Structure formats: C-alpha cells, structure tokens
Amino acid sequence: MQIASYVVYAGAVGCVVGAFWMRKKIHLAVSIVNEVARAISDMRALVVVPIVQGLGMALFLVPWLMYVVYVGTSGEVKSSSFADIGYKTFVHDEKTDGLLIFLLWVWAWTSQTILALGQIAVAIAISRWYFTRNKLTVGNISVCKAGAQSFYHFGTAAYGALVMATVDTIRKVLTYTHAKLQKCDSRVAKMFEYVMRCCMWVVHKALKFVSKHSYVQTAIFGAGFGPSCKTSFYLLARNSTRVSTVSAVGELIVMITKLAICVVSAGLCYITMSYTIADQLHSLVGPAV
C-alpha cells in the first residue's frame, strides 16, 4: 500500500510538472475553446447541424433497410433445432453475401458523406465568423448560407467519404472473418488476421483524424480532398504538441460537461421523486442514478 501511495504521489508530481512545462500550450488551448464558445454563442444554429445530419441518415435508412431485408431473405430457408426448439435460417450463396457487403459499403459511404457535409458546413461558418471583423454581422443566417455553400464541395465530401467507407467496410469484413476463424486451428491465419485488423484500425483512426482537419482546409481555401489532406497532415505534424494539447483540453471540458449534466439531471430527478413518489419507493438514490 505504501508503494502504491508513492506511485500516486510521483504521478501527481509528474502531472504538475507537465502542466507547468506546457502552461503556454494549455493557455492557448483554453483560448481556442473560448473562441469556439463565442462562435457557438453568436451562431446558435450550429447545434441544429447534428439534428439535420441525423434526419438525413434516417431518411436514407428506410429504403436501405428495405433493400437489406429483401436481399437477406432471398436465400434458401433451412430448418434447424436447438434444445428441442425449432428455428429457420436463410442460407446465402456467394452472390448474396457480396450484395450484402455492397449494401454495407453503400451505407458507410452515404453516412460518411452526410457527416462530411456537416463538418464542411460547420467549418465554413466558423471560418467566416473568425475572419469577420464585425461579429454582429454574423449570425444564424450565416449557418444557413454555410450549409448551402457546403454543397459546392459535395465532390470533396463524397471522395473523402469513399475512402473512409472503404476502410470501414474492410474493417467490418475482417471482424466477420475473425468470428469465422475462431473455429480454425491455423495459427498463421489467425496471426495474419490480427495483423490486418490492427493495421486497418490504425489507418481508420489516422484517416478520420486527418480528414476532419482537411475539411477545414477545404472550407477556408476551397481545395480538394487530396491537397487538403496533404496540407493538414504537414500542418498537424509541425504543431503536434499544440494539437494534442488542444485535443486533451477539449476532451477534458467535454467530460466535465457530461458529468455536470449527469449530476444536475440526477439531482432534479431526486428532488422531483422526493415530492411525488417518495412514499412508494424504498430508496430514491437508485432511480435517480
């Protein structure tokens, strides 16, 4: 126990020293977060962008599910039983499996395109707010204009979404292959599959991070996806410490906000139940939590 306390003390000292050493970068990160908060305060319509993206995905999900159900039920019906319980399954051929993988890729491409258009629209609105001297001239109407302007970069969003969807589909196929290889005795095949999954995970994370910043370059300079990725990659490489600090501070603020929302919601729930149904419950802590 004494050794554990020493380790905790050493970690605390290391955190304090690290915070002191990176105080300028932390101050810069906090300033950036403050500027983002000011931009959202001036353009409150930005909070509607995720809702619009969700509606777009929901509209596409309806016909997509119809195609998936149609293709999924087009195989031969096979009756089976387990523990004296009968059930039926569909047996697919290679063509049907290929169609299901294609539909999975179509969903990934469409959803990534919708997300990319939203990111470009937000980047256009934020950059317009940042480079405008008189902030009073920038408001919710600027978000609407940015949304309309983002469609001029539809090709960039679709190209970036195509790359992301392809990588994401390969990862899902490898996950399916991983489940099938559990019954295989070949250690070489399992090792190769694990290596492929790790490589595709790294590629997916890197592309997701770089593409998000490349859309900012597209919003500011109007460049395509390839040149924007190249520019954003070298920009991030030159300022890796600042970017990591800003990301850490941003994640910390998001975590604190989530905890505050949970605490306030639990407190309001506890107070409401204490005035309404307190005599019907053994304890109010469980339902509130």
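Modeller: The accessible surface of the chain comes to about 20,100 Å², and carbon and sulfur atoms account for 70% of that surface (Shrake-Rupley method, 1.4 Å probe; for residues, only the protein chains shown count as cover). This is a predicted model, in which local features need pLDDT of at least 70 and side-chain atom pairs count only at pLDDT 80 or more, while totals for chains, interfaces and linings use all residues. Residues are numbered from 1 along each chain as its sequence is written, and side-chain values use heavy atoms, with hydrogens and water left out.

Of the 289 residues in the chain, 25% are buried, that is, under 20% relative accessible area, where exposed is over 50% and partly exposed lies in between. The chain has 10 helices and 2 strands (DSSP runs numbered from the N terminus: H or I, at least four residues, for helices; E, at least two, for strands), and they follow one another along the sequence as α-α-α-β-β-α-α-α-α-α-α-α.

Thr 245 counts as buried because its relative accessibility is 6%. When its neighbours within four places in sequence are left aside, Thr 245 has contacts with Met 22, Lys 25, Ile 26 and Ala 29, contact meaning heavy atoms within 4.5 Å. For the chain as a whole, among contacts between residues at least 6 apart in sequence, 64% join residues at least 24 apart.

How values were computed:
Buried means under 20% relative accessible area, exposed over 50%, partly exposed in between (1.4 Å probe, protein chains only).
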